[in-house]
Amino acid sequence: METKIAFGGPKSLSGKEFTYCPGCHHGIVHRLIAEIIDELGIQGKTIMVAPVGCSVFAYEFFDVDGTVAPHGRALAVATGMKRALPDRVVFTYQGDGDLAAIGTAETVHAANRGEKLTTIFINNAVYGMTGGQMAPTTLLGQKTTTTPYGRRAKNDGYPVHISEMLSTMVGVAYLERVTVSTPQDIRNAKKAIRKAFLAQIKNIGFGLVEVLSTCPTNWGMSPVEAQRWLLENMTKEFPLKVFVDKVGD
Amino acid sequence: MKTEKLMMKGNEAIAEAAIRAGCRLYFGYPITPQSEIAEYMSRRLPEVDGTFLQTESEVATVNMVYGAASTGKRVMTSTSSPGFSLMQEGVSYIAGAELPCVFVNVVRGGPGLGDIQPAQSDYFQATKGGGHGDYKLLVLAPSTIQEAVELTQLAFDLADKYRNPALILADGMIGQMMEPVELPPMRDLSTLPDHSDWALTGANEREPHKVTSFNIDPYGLEEMNKRYQEKYTRAVREEQRWEEYKTDNAEYLLVGYGTVGRILKSVVDKLAEEGIATGVFRPISLWPFPYTRLRELAEAVKFVFTVEMSSGQMVEDVRLGVEGRVPVHFYGRMGGVVPTPDEICSAFKKLL
Amino acid sequence: MSYHGIVIAGFGGQGVMLMGQIIAAAAVIDGKNSTWLPSYGPEMRGGTANCTVVVDEKPVASPVIDTPTEVVAMNYPSMVKFGKKLKSGGFLFVNASVVDQKMDRGDVKIIEIPVNDIADKIGSGKVANMVMLGAFVELTKVASFEAVEEALRYKLSGSKSALLPLNLEAIKKGAEYARGR
């Protein structure tokens, strides 16, 4: 009897088992990226730069050439690659601590130069790998292991709005904040990621998608509670929005 | 054919030598006394279809070098002391990921902001591992502009041979001085070593390549470290380089590298006029340090006299090399002061 | 004399660096070896500038010197600072247009050249350094005038080539003045 594969994973995922916690959004976002790489037919010319953080193993999960950058420096590493090989597709995958704290300068300057790069920015308002410390995007009042009384503006400042900051930069070609909490959100996120890759492939400029994501483990919630908390709290502080679209349809 | 000698500033000669070695990618951040390298590259690289990028910081620079080197292409950066300190994290990653590339540190007086005058106070950082982890850089120290050209080319070749970062350790004097140089011909890019077995170029019709310094399993990481150490052992065996000047009948051995190494030749000549037979041992590879030859030479002299533009850093390697066979004395100037032949002569004669 | 250890000093903008570069390059054209070592850094912005040129038959060992065989002082502070280091029997070239005091040293040859005045006379005070260069080469024989011209031609190639005749004229006038002393 002939067997047909009715449903399978994207080719651009390596098939290695993910190391992420139940309810974490990394897995969904990985899959969306891999689907886009498949659909755009760019697997053979894509290079990924993984960050330091929970997704440090991401370079193993994608079936493309890859490396791990020093913490925060993914966009500098990617810049070096892209300048060496301008016809390849280079993307970074970074968390909020990586991209918006230690790597803020590299992020801002790569965007400002309009590097033909794509960045997937996972904003889950907490440091995951190191055990739930405050992130630059932690909400006011949010408890973390280094804000045991809740984040206080007087001591810790305010949540950093990376997409709003980058939206003023001429070099940015695509910039959107999305989430993957509902099926509809996932469909929107995939469209955004596709455009962020097209911004690079069409040589228009820098593309970034900020994905509001859950971290049930460090938030101390069940996966379902975490989805709800994200939709009720994070989207208020970080509104879902297309900030820049020079890619078109 | 008459070879053309050009008067070139050290910084510019290093830049041109790199281009002629096949380097088409330069990332850098301005810092005195080496900014002429970046300026030269910004003018010259576009002429040879290369890429020059002025970065936002040395931290970004070193990571761009990491990215470019991971594609298997020849890439370099240059900086001066405080800038190289900023790069150390990335240098460690590059050594761990076994990526060939070339760094130039035109050393200035430190610590801290220090000054911008020539110094040799970054020797420990260069040779003992400036960043974290068990790694080594291949470190070459030129004493003339001609040698700076030759060592820059060698640095690229050694970096490829060992898949390891190489460092030109110069000082403000080598960077700023002009001297006649003969430049080597332009290297045909198609003759550069093939890195297609590991480079990140897109996994087209092959298994994906992964380039990292990362291994979460301690036993796995230990195996990676063993591989690094095997390379370093081989480099120690094959890459010790030095120059000797009038060491044949020397009763005393003067040791210095880079700028000081050439000043010591004048010292030897002055002392010879007074009937004192001395010779110079000038390490060219600071890592691997030429212990073997130094040990042989030390057997035949009354004492060894090391001179540095630091509080005494290389002298520790000299002592390791001499192994207590004869006394090792030291004279140093700090803060960017270059010792003159006369003052070195006086310091030496006090030891007699 | 085959060895020259030369210090050229003056205010920033007096062209002392260029003078040194031309001497170093001309020596190489003549088949000798040379080094040119500048003072560098913020002190040069509006302050004093100097460079050390070593010319030798054999490869130059130390580019740093204790006792220059020749000093060119384009201003008074330079004369005071470097004149006292000059080797006994050496040459001290002084820009007599701006220095009106004498160095108290009987053991050196003091050559006073009113280089700014001579340069003004041929049309531009800017080439005072070239007047000094002409005098210097004439008396020290550090390099041939053919080599000096070739070095200058190389330095003033491209958009600056129009300046060549004036510079060569200045060198000639400096040499003539030195000969006629």
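How many residues of chain C are in contact with chain B, and how many of chain B with chain C? The model is predicted. In it, 17 residues of chain C are in contact with 20 residues of chain B.

Start on chain C's side of that contact. The elements that give two or more residues to the side touching chain B are α1 (16-29) and β2 (33-38) of chain C. The largest share comes from β2(C), with six residues. By class, this side of chain C has 10 nonpolar, six polar and one charged residues.

Now move to chains A and B. Here 32 residues of chain B are in contact with 27 residues of chain A. Two pairs of chains touch, and the most contacts are between chains A and B. On chain B, several elements give two or more residues to the side that touches chain A. They are β2 (25-28), β3 (51-54), α3 (58-69), α4 (81-96) and β9 (210-211). The largest share comes from α3(B), which gives eight residues. The residues of this side of chain B divide into 15 nonpolar, 12 polar and five charged.

Strand β2 of chain A, residues 65-68, pairs with β9(B). The sense is parallel, over two bridges. G66(A) has K210(B) of β9(B) as its bridge partner.

What of chains A and C? Chain A and chain C do not touch. Their nearest C-alpha atoms are 29 Å apart.

Last, look inside chain C, at two helices. Helix α4 covers residues 128-140 of chain C, and helix α6 covers residues 164-179. They pack at an angle of about 50 degrees, with their axes 6 Å apart. The crossing of α4(C) past α6(C) is right-handed.

Both helices give residues to this contact. From α4(C) come M130(C), V131(C), M132(C), L133(C), G134(C), A135(C), V137(C), E138(C) and L139(C). From α6(C) come N167(C), A170(C), I171(C), K172(C), K173(C), G174(C), A175(C), Y177(C), A178(C) and R179(C). By class, the contact of α4(C) with α6(C) has 12 nonpolar, three polar and four charged residues. Among the charged residues in it are E138(C) of α4(C) and R179(C) of α6(C).

Technical notes:
Residues numbered from 1 in each chain as written. Chains lettered and ligands numbered in written order. Predicted model: local features only at pLDDT ≥ 70, side-chain atom pairs only at ≥ 80, totals over all residues. Axes fitted to C-alpha atoms, helices over the stretch in contact; angles between N-to-C directions. Helix = DSSP H or I, 4+ residues; strand = E, 2+ residues; numbered from the N terminus. Left-handed = near helix turned anticlockwise from the far one by under 90°. Contact = placed C-beta atoms within 7 Å. Pairing = 2+ DSSP bridges.
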